[in-house]
Amino acid sequence: DQDGCDYKAKQAGTLKLHKQFVHDIDVRWHRCGQDGCDYKAKQASNLKRHKQMVHDIDVRWHHCDQDGCDYKAKVASQLKSHKRNNHKT
């Protein structure tokens, strides 16, 4: 269907996904909806991650458990790095 693309798939669903992700054909865009934000994603999970990381919507915060430390992170690996770099654990 696309000029220069020779992708072939055994299943129609696989071809449909290829068209959506590579050629933007028949894509159902998931839009952010926050004032002033034009972000859109092809997958709902990417939109969810965007809202968490950029707009702090539905974030599961990871708090440092060291006494007197108020550090928190949106991603567990960031907390792990914080603890490794700032606390002797």
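A residue is called buried when its relative accessible area is under 20%, exposed when that area is over 50%, and partly exposed in between, using a 1.4 Å probe and protein chains only. The model looked at here is predicted, so local features need pLDDT of at least 70 and side-chain atom pairs count only at pLDDT 80 or more, while totals for chains, interfaces and linings use all residues. Residues are numbered from 1 along each chain as its sequence is written, and side-chain values use heavy atoms, with hydrogens and water left out.

Helices (H or I, at least four residues) and strands (E, at least two) are DSSP runs, numbered from the N terminus. H3 covers residues 76–86, and its buried residues are Leu79, His82 and Lys83. Looking down the axis of H3, these buried residues fall within an arc of 95°, so they line one face of the helix; the arc is taken from the directions that run from the helix axis to the C-beta atoms.

Lysine 83, which lies in H3, counts as buried because its relative accessible area is 19%. Its side chain makes a polar contact with the side chain of aspartate 65, at 3.0 Å. A polar contact is a pair of N or O atoms within 3.5 Å; within protein, one must be able to donate a hydrogen and the other to accept it, and residues adjacent in sequence count only if both atoms are side-chain atoms.

Next come the cysteines. A disulfide is a covalent bond between the sulfur atoms of two cysteines, and here it is taken as a pair of cysteine sulfur atoms within 2.5 Å. The structure holds zero of them. Cysteine 32 is in no disulfide, as the nearest cysteine sulfur, that of cysteine 37, is 3.7 Å away. For cysteine 64, the closest cysteine sulfur is in cysteine 69, and at 3.7 Å that is too far for a bond. Both cysteine 32, at 4% relative accessibility, and cysteine 64, at 9%, are buried.

What about the rings? Lysine 40 lies over the face of tryptophan 29, at 4.3 Å from the ring centre, and lysine 72 lies over the face of tryptophan 61, at 4.2 Å from the ring centre. A charge sits over a ring if NZ of Lys or CZ of Arg is within 6 Å of the ring centre and within 35 degrees of the ring normal.

Lysine 40 also turns up beside histidine 30, which touches Tyr39, Lys40, Ala41, Lys42, Gln43, Ala44 and Leu47, not counting residues up to four places away in sequence. Histidine 30 lies in strand S1 (residues 30–31) and is buried, at 14% relative accessibility. Its side chain makes a polar contact with the side chain of arginine 28, at 3.2 Å.

Towards helix H1 (residues 12–23), glycine 13 sits in the helix itself and is partly exposed, at 43% relative accessibility. Alanine 9, in the segment before H1, is partly exposed too, at 32%.

Notes: Contact = heavy atoms within 4.5 Å.
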